Amino acid sequence: MPSLGADMEAGTLVQWLVQVGQPVRRGDIIAVVETQKGAIEIESFATGTIAELRVEPGQEVPVGTVLAVIGEAAATPAVPSAPAAPAIPPMQPPPAPTPRDSEPSQPPPAAPPAPIAPEPTASPRPWSVDHSWIRSSPSARRRAQELGVDLATVKGSGPHGAITREDVERSGGTTPAPPSHIVLPPPPPAPPAPEKRANPVQAMRAAIAAAMSKSNREIPHYYLGHTIDLHHAQTLLARFNEQRPVETRVLPAALLIFAVSRCLPRFPDLNGAWVDQAFVPATAVNIGVAVSLRGGGLVVPALQHADQLDLVGIMDGLRDLVARARAGKLRASDLSEGTITVTNLGDQGVESVHGVIYPGQAALI
């Protein structure tokens with residue numbers, strides 16, 4: 001179970017996307033894990049063959065638990081030269097039937113019919129019956145479990161067709177009734193008590209609070225500020241966007257990430273982490289971006305190798321990160337490989353931010 005942030009202590013395996021004996025490559029999506037910040041796709045750390053799956057779906061295990069064993073990839077055996085085919089004697093004509101053989105005989109007894117396997121009963125799952133992963137938000141999956149709705153029957157209205165909590169509630173699902181052959185006694189006359197359900201937003205906020213408390217407690221903070229005139233940059237950006245369709249225009253946030261990604265190689269002491277009483281510089285520039293979720297909460301996925309992307313590539317990557325974060329489709333590498341974070345609230349009228357360093361990193365811009 002990988003650590004997907006300093007605030008994560010355990011995770012629940014939702015679904016395996018591989019089987020024993022299946023070959024995988026490093027970076028392939030092999031499982032889905034539920035954390036306090038939603039469902040995360042887990043990538044393989046190595047190339048090889050799945051030798052063992054040690055954790056069952058639905059099981060919660062602490063960070064560091066071995067989920068699966070990946071062995072060496074099976075070598076392709078050399079094709080041996082085909083041995084000479086044995087000589088086949090010529091077929092002899094069947095013997096003529098004797099009078100005894102020509103007599104009518106009783107037909108052989110019919111084989112007993114094969115037993116008919118009982119049809120599996122449908123159960124409410126946040127994924128389809130064939131276990132293929134369905135694009136949906138964490139709150140939508142929880143709501144589907146509460147209402148007994150199969151997400152395979154719900155049409156999503158979110159980014160890239162993702163199913164939202166509202167889509168599930170509009171589907172009109174209700175908890176399946178018990179089988180007709182079971183007679184249940186009537187409930188005793190008592191005033192209905194309010195049902196207590198886990199609030200995913202509160203769970204996420206608890207995780208955020210734990211991470212921020214850890215950051216303030218363990219990372220020494222000091223703040224430096226500088227005023228930069230962005231009038232010229234905004235003018236150039238406006239001219240650049242005039243030639244592009246509205247849906248592909250570049251936002252000022254992408255310009256800020258672009259600038260930071262080009263500066264970090266010159267200031268490597270900001271791009272890394274303090275580990276085991278020593279600073280460890282990062283080998284890549286993976287810029288974390290704070291993304292607010294529509295249902296509440298905050299995640300900080302990372303834009304991988306931002307220093308190797310041009311301005312349009314950064315905007316495309318930023319748009320993809322935001323869409324997947326709000327659809328509950330982030331990967332483990334999105335949340336665990338950030339080397340520095342950029343936060344921007346200027347479009348909200350904020351003049352300055354005294355932020356909190358994301359645990360595991362050394363700086364916030």
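Is Gln277 buried or exposed? In this predicted model, local features need pLDDT of at least 70, side-chain atom pairs count only at pLDDT 80 or more, and totals for chains, interfaces and linings use all residues. Residues are numbered from 1 along each chain as its sequence is written, and side-chain values use heavy atoms, without hydrogens and water.

Gln277 is exposed, at a relative accessible area of 68% (buried is under 20%, exposed over 50%, partly exposed in between; 1.4 Å probe, protein chains only). The residue lies in the loop between strand 8 (272–275) and strand 9 (278–281) (strands are DSSP runs of E, at least two residues, and helices of H or I, at least four, numbered from the N terminus). Most residues other than glycine have a negative phi. His305 also has a positive phi, about 50°, and is partly exposed at 37% relative accessibility.

The axes of helix 6 (residues 252–263) and helix 7 come within 9 Å and cross at roughly 120° (lines fitted to C-alpha atoms over the stretch in contact, with angles from 0 to 180 degrees between N-to-C directions). Residues in contact (heavy atoms within 4.5 Å) include Ile257 and Phe258 of helix 6 and Ile314 and Leu318 of helix 7.
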